[in-house]
Amino acid sequence: MDKQERYKRKRRRLLMRTAILLTLTAGVFYVFYTNFIQAEPSMVSEGEQAPNFALMDMDGERVELADYEGEGVFLNFWGTFCPPCEDEMPYMEDQYQAYADEDVEILAVNVGESELTIDRFAQRHQLNFPILMDENRNVLDQYGVGELPATYLIDENGEVQHIRTGGMSEQHVEDFMADIDPAAS
């Protein structure tokens, strides 16, 4: 092996090591950035304004929380894979029907499931209230939801009055709907 060939091999090794080092450095920077520098998801608390959002419903219509200003909103995050979510759906449907002519709305935000899965679930349970699709879980993160089901009771002024994590009984749903009914205030 002559001197020039050794020089070429050393140069290739140096380039390869540099490329590996740069790749590792970029990876470490990315992990550091996503875990320590990037903003944490917002945690919504009782007494705060509910963050506005816009999602598509099952009919392909854009629904924005701000559209319900002046009304009480029963905002429920759920998934078809969640047994407590499934258990509370009939109670929510009953209250949706009971408050059909009132200024109270139920918005059920499904987190990350396909439209087909949601549609089959809604048909099986004969659900008529608006079901919104949070495909990328952006709204879930915006509200800081960690466990399903999670329900946010929002008054007519857009303020979060109560947050409930975990399943609800029929009485809970009835009481919560009455709590956010502007006519009852």
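Asp-134 touches Leu-55, Val-109, Asn-110, Val-111, Gly-112, Val-139 and Leu-140, leaving aside residues up to four places away in sequence; contact here means heavy atoms within 4.5 Å. This is a predicted model, in which local features need pLDDT of at least 70 and side-chain atom pairs count only at pLDDT 80 or more, while totals for chains, interfaces and linings use all residues. Residues are numbered from 1 along each chain as its sequence is written, and side-chain values use heavy atoms, with hydrogens and water left out.

- Asp-134 is found in strand 5; helices (H or I, at least four residues) and strands (E, at least two) are DSSP runs, numbered from the N terminus.
- Is Asp-134 buried or exposed? Asp-134 is buried, where buried means under 20% relative accessible area, exposed means over 50%, and partly exposed lies in between (1.4 Å probe, protein chains only).
- Asp-134 has no salt bridge, a term for a side-chain nitrogen of Lys or Arg within 4 Å of a carboxyl oxygen of Asp or Glu.
- The nearest side chain of opposite charge to Asp-134 is Arg-137, 7.1 Å away; in this count Lys and Arg are positive and Asp and Glu negative, with His and the chain ends not counted.
- The side chain of Asp-134 does reach backbone nitrogens: that of Leu-140 at 2.9 Å, and that of Asn-138 at 3.0 Å.
- Both are polar contacts, meaning a pair of N or O atoms within 3.5 Å; within protein, one must be able to donate a hydrogen and the other to accept it, and residues adjacent in sequence count only if both atoms are side-chain atoms.

- Asp-155 sits in the loop between strand 6 (150–154) and strand 7 (160–165).
- Asp-155 is buried and has no salt bridge, and its nearest side chain of opposite charge, Arg-164, is 19 Å away.
- What does the side chain of Asp-155 meet in a polar contact? Its partner is the side chain of Gln-161, at 2.7 Å.
- Not counting residues up to four places away in sequence, Asp-155 touches Glu-71, Gly-72 and Gln-161.

**Salt bridges**

- Side chains of opposite charge can pair when their charged atoms come close.
- How many salt bridges does a search of the whole structure find? The search finds two.
- One joins the side chains of Arg-62 and Glu-64, at 3.0 Å from N to O; Arg-62 counts as exposed, at 54% relative accessibility.
- Arg-124 forms a salt bridge with Glu-86, and their closest N and O atoms are 3.6 Å apart.
- This pair links distant parts of the chain, with Arg-124 in helix 3 and Glu-86 in helix 2, 38 residues apart.
- Arg-124 is exposed at 53% relative accessibility, whereas Glu-86 is partly exposed at 25%.

**Helix 2**

- Helix 2 covers residues 83–98, and its 16 residues should span 22 Å at 1.5 Å a residue, which agrees with the 24 Å between its end C-alpha atoms; the expected span is 1.5 Å times one less than the number of residues.
- Where does helix 2 kink? A kink of about 30° lies at Met-89, shortly before the proline Pro-90; the bend is the angle between axes fitted to the seven residues ending there and the seven starting there.
- The buried residues of helix 2 are Cys-85, Glu-88, Met-89, Met-92, Glu-93 and Gln-95.
- These buried residues pack against strand 3 (72–78), strand 4 (104–111), helix 3 (115–124) and helix 5 (170–179).
- An α-helix has 3.6 residues a turn, so residues three or four places apart point the same way.

**Backbone details in the loops**

- Most residues other than glycine have a negative phi, and most peptide bonds are trans.
- Gln-126 has a positive phi of about 50° although it is not a glycine, and it lies in the loop between helix 3 and strand 5 (131–134).
- Gln-126 is exposed, with a relative accessible area of 61%.
- Arg-137, in the loop between strand 5 and helix 4, has a positive phi of about 60° and is not a glycine either.
- Arg-137 is partly exposed, with a relative accessible area of 35%.
- The peptide bond from Leu-148 to Pro-149 is cis, with omega near -10°, and Pro-149 is in the loop between helix 4 (138–143) and strand 6.
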